[in-house]
Amino acid sequence: HLKSLNTLDLNRNSLGHAGFVALADSTGLPSLRSLDVSYSTLTGAELERLVRSGRLDRLLRLDVRHAPLGDDAGQALGLLRDSDLVELLLDNTGLT
């Protein structure tokens, strides 16, 4: 059922570390094109794990506004440069 899911809205959701690890390690969601984790607890390290997992390779839109990414997310975001991403929302993430 999740194979055809193209939009996942987890905004204002407190998945926590275990939830983001589970998302990164999942084998589903091959059609995911939009992920909203704004106002979540997503950290830079968790974002990097998601990016390195390949789960975000086909995303067109990623919303991480108001997530406490910090500067640790810079490397992870750099890894997205070869992805399909066309919209990246980064307001108030602690990136400098």
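Author: Let's start with a network: Arg61, Asp63, Arg65 and Glu87 are linked by salt bridges. This is a predicted model, where local features need pLDDT of at least 70 and side-chain atom pairs count only at pLDDT 80 or more, while totals for chains, interfaces and linings use all residues. Residues are numbered from 1 along each chain as its sequence is written, and side-chain values use heavy atoms, with hydrogens and water left out.

Reader: What is a salt bridge here, and how many does a search of the whole structure find?

Author: Side chains of opposite charge can pair when their charged atoms come close. The cut-off is a side-chain nitrogen of Lys or Arg within 4 Å of a carboxyl oxygen of Asp or Glu. Searching the whole structure turns up six salt bridges.

Reader: Which salt bridge does aspartate 25 form, and which parts of the chain does the pair link?

Author: Aspartate 25 pairs with arginine 49, with the closest N and O atoms 2.9 Å apart. That links distant parts of the chain: aspartate 25 is in helix H1 (residues 16-25) and arginine 49 in helix H2 (residues 44-53), 24 residues apart. Helices (H or I, at least four residues) and strands (E, at least two) are DSSP runs, numbered from the N terminus.

Reader: And what does aspartate 84 pair with?

Author: Arginine 33, with the closest N and O atoms 3.4 Å apart. Aspartate 84 sits in the loop between helix H3 (73-79) and strand S4 (87-89), and arginine 33 in the loop between H1 and strand S2 (34-36), so the pair ties together parts 51 residues apart in sequence.

Reader: Now the nonpolar side. Which residues have the most contacts inside the largest nonpolar core?

Author: In soluble globular proteins, nonpolar side chains tend to be buried together. A nonpolar core is a set of buried Ala, Val, Leu, Ile, Met, Phe, Trp, Tyr and Cys residues joined through side-chain atoms within 4.5 Å. The largest one has 23 residues, and Leu35, Leu42, Leu47 and Leu56 have the most contacts inside it. H1, H2 and H3 are the elements that give two or more residues to this core.

Definitions and conventions:
Buried means under 20% relative accessible area, exposed over 50%, partly exposed in between (1.4 Å probe, protein chains only).
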